[in-house]
Amino acid sequence: MAESVDVVVIGAGPAGYPAAIRAAQNGLKVVCVDSWKNRDGASALGGTCLNAGCIPSKALLESSELLHRARGEFAAHGITLSGIALDLAVMQKRRASIVRNMTNGIGSLFKAAGVTAIFGHGRLLAGRRVQVTRHDGSNSEFDAASVVLASGSIPTELASVPFDHEYVVDSWDALEFAKVPDKLCVIGAGVIGLELGSVWRRLGAEVVVLEALDRFLAIADQQLAAEAARHFKKQGLDIRLGARVTGATVANGSVTVSYTDKAGAQTLSADKVIVAVGRRPYTDNLLAPDCGLQLDERGFIQVDAQCRTGVEGVWAIGDCVRGPMLAHKGKEEGIAVADQIAGRYAHVNYDVIPSVIYTAPEIAWVGQTEEQLKAAEIPYKSGVFPFAASGRARAMEAAAGFAKILAGRDTDTILGVHIIGPMAGELIAEATLAMEFQASAEDLQRTIHAHPTLAEALHEAALAVDKRAIDNINR
């Protein structure tokens, strides 16, 4: 017999677990079902983000950047070190410990909020019933007033370069290498490919990145992308654009990758190949044929602007629906849906979602790019401030990059902010808040920023929009 509950959330990743917690905070009886298993077979909450994505990658990015700085930057500070060595096992142990603490933390949050967590596979049946197959093989069924689908996404596999998870690997595998490869090939120069390529380059690998598109970081403002490409080249990342991979063969402990570019057919050999060409929604065995839900041509669950599906009382959020596959976007959708279920007001502003690439220098943006404004024929003005003119950035030995603000030519409303430089992922929060409140460039100009700080770059970029920068020559 089915157990009656108020809400069943399928998925405990960055979209699902906030939805479950907020629903419980709203006084509802909540069950959250999650099927995640780690490589050792252990169940864990948190989904891809906490277990095999956002968090472990940032741990390795931080560790590898410290090694890189110790080897190449500390001398400029008058710090001379000898005997610097990499202990990858210790680095990986630290990564795993951070992940374990974070995922265990979600269990504690569930307990405090009163959410019932079940490890197993959830499947939506007709009539808002959810069938759960636990990892121990037992089955149960829930009759829910509301169901929230937050099943997440998985790496996209290339038919011409299938995963073997030893030589040809996905992003999860690439976080758990036990040895630094001598030569690494990364297929895809997007966020994931650049971050993973940066980690292993800093740790000593020779890294070649193959990107099918002819334009680098096509999703970003192209002034930002050009600056990023210049720095990545200096760091030793060999990024080859217009390189369309056609196949890969494994022999004698090495992978030969075939691709074509403007010069014709090419090959390269590598010890490991990371396929990082994107992710696809994970909806395997999620929906019973009679549940009434539809997937679009790309496999996403169809929803409206409030994340409602076509079935009353069934919602979908996060990577399994339209929009950018970003943890913070999924989190806001989860909270919004939980509040709507409880009859409260909720809203997600899809026009103001920040993006961050955690390379060095960091890259972050929110709003529209200069290319998008031109294409839409929106009159705009632009202000740029280089971190080379920032005293704080100079003191940090991190003066690469710039902050750029785009504002309406007639309205002065901030339309987009693009940052490449130190702590860009943190600095973008001010820009996001400003845009959420529909601030103008003048609003930022008249906001006092502490000195000396990196945030002054945003202040100066806002001044530069009107050719009134103080700490840089106006052009």
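This is a predicted model: local features need pLDDT of at least 70, side-chain atom pairs count only at pLDDT 80 or more; totals for chains, interfaces and linings use all residues.
Two strands pair if DSSP finds at least two bridges between them.

Consider the whole protein before its parts. It has 13 helices and 21 strands. The radius of gyration is 24 Å, close to the 23 Å that the globule rule gives for 475 residues, so the protein is as compact as a globular protein of that length. Taken along the principal axes, the box filled by the C-alpha atoms is roughly 70 × 60 × 45 Å. Of the 475 residues, 49% are buried. Among contacts with a separation of 6 or more, 62% are between residues 24 or more positions apart.

Which strands pair with E9? One is E8, residues 183-187, which pairs with E9 in the parallel sense over 5 bridges. Within this pairing, Val 186 stands opposite Val 209 in E9. Another is E10, residues 238-241, which also runs parallel to E9, here over 4 bridges. In that pairing, Val 208 stands opposite Asp 238 in E10. In a regular strand the side chains alternate between the two faces of the sheet.

From E8 the path goes over helix H6, residues 191-202, to E9, and the three elements make a right-handed β-α-β unit. From E9 the path continues over helix H7, residues 222-235, to E10, and these elements likewise make a right-handed β-α-β unit.

Ser 440 lies in the loop between helix H11, residues 424-436, and helix H12, residues 441-445. Is Ser 440 buried or exposed? Its relative accessible area is 13%, and buried means under 20%, so Ser 440 counts as buried. What does Ser 440 touch, not counting residues up to four places away in sequence? With those set aside, Ser 440 touches Asp 412, Thr 413 and Ile 414.

Methods. Residues are numbered from 1 along each chain as its sequence is written. Side-chain values use heavy atoms; hydrogens and water are left out. Helices (H or I, at least four residues) and strands (E, at least two) are DSSP runs, numbered from the N terminus. A crossover is right-handed if, with the strands pointing away from the viewer, the path from the first strand over the helix to the second runs clockwise. The radius of gyration is taken over C-alpha atoms; the globule rule is 2.2 Å times the number of residues to the power 0.38. Buried means under 20% relative accessible area, exposed over 50%, partly exposed in between (1.4 Å probe, protein chains only). Contact means heavy atoms within 4.5 Å.
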